[in-house]
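Here's a quick walk through one model, with an eye on a loop residue, some aromatic rings and a surface patch. Have a look at the fold before reading on.

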Amino acid sequence: MNLESNFILNRIKAVKYAAKGFWILITSEKSIIAQVIIAIIMTIFGFIIQISATEWMFQIFAIGLVLVAESLNTAIEKIADFIHPEYHKKIGTIKDISAGAAFFAAIFAVIIGFIIYIPKIF
């Protein structure tokens, strides 16, 4: 087997592992499930309100930002729990900071939503 086919097989395996992680997130993590439901609602609302292509780009970016931040927060929490299963103040702080990053993303997503939808509603 040559180097090129090894590279391709490794990329296929990487996509398989990424898809597995994606599936785990959207089927078992409550925060991700909640964000996916919100994303679906906002997507339907975008079609109803008929937002522009530029507004779609910002909305999709905001949805992606929140889902990525929530996913990374979940990964950090799982690592922290694995490393130190019982409560520890420093682990708690690490988990709070990780959740804070996801909260930042959510705040900016809400701001983007307000900029897009408030003028259309009022």
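Is tryptophan 56 buried or exposed? Tryptophan 56 counts as buried, at 17% relative accessibility. (Buried means under 20% relative accessible area, exposed over 50%, and partly exposed in between, with a 1.4 Å probe and protein chains only.)

Before going further, some ground rules. This is a predicted model, where local features need pLDDT of at least 70 and side-chain atom pairs count only at pLDDT 80 or more, while totals for chains, interfaces and linings use all residues. Residues are numbered from 1 along each chain as its sequence is written, and side-chain values use heavy atoms, leaving out hydrogens and water.

**Aromatic pairs**

Searching the whole structure turns up 2 aromatic pairs. Rings of Phe, Tyr and Trp (its six-membered ring) pair if their centres lie within 6.5 Å; planes under 30 degrees apart are called stacked, over 60 edge-to-face, and the rest tilted.

| Pair | Centre distance | Plane angle | Type |
|---|---|---|---|
| Phenylalanine 45 and tyrosine 117 | 4.9 Å | 35 degrees | tilted |
| Phenylalanine 47 and tryptophan 56 | 4.9 Å | 50 degrees | tilted |

Phenylalanine 45 sits in helix H2 and tyrosine 117 in helix H4 (residues 89–121), so this pair ties together parts that are 72 residues apart in sequence. (Helices are DSSP runs of H or I with at least four residues, strands are runs of E with at least two, and both are numbered from the N terminus.) Tyrosine 117 is buried at 4% relative accessibility, whereas phenylalanine 45 is partly exposed at 28%.

**A greasy patch**

Phe61, Leu65, Phe103, Phe104, Ile107, Phe108, Ile111 and Ile115 make a nonpolar surface patch of about 830 Å². Patch residues have over 30% relative accessible area and no salt bridge; nonpolar side chains (Val, Leu, Ile, Met, Phe, Trp, Tyr) are joined within 5 Å, like charges within 9 Å. A salt bridge here is a side-chain nitrogen of Lys or Arg within 4 Å of a carboxyl oxygen of Asp or Glu. Areas come from the Shrake-Rupley method with a 1.4 Å probe.

Which element gives the most to the nonpolar patch? That's H4, with 6 residues. Phenylalanine 108 has its place in helix H4 and is partly exposed, at 46% relative accessibility.

**The loop glutamate**

Glutamate 29 is in the loop between helix H1 (3–28) and helix H2 (30–49), and counts as buried at 15% relative accessibility. Leaving aside residues up to four places away in sequence, glutamate 29 touches Ile24, Thr74 and Lys78; contact means heavy atoms within 4.5 Å.
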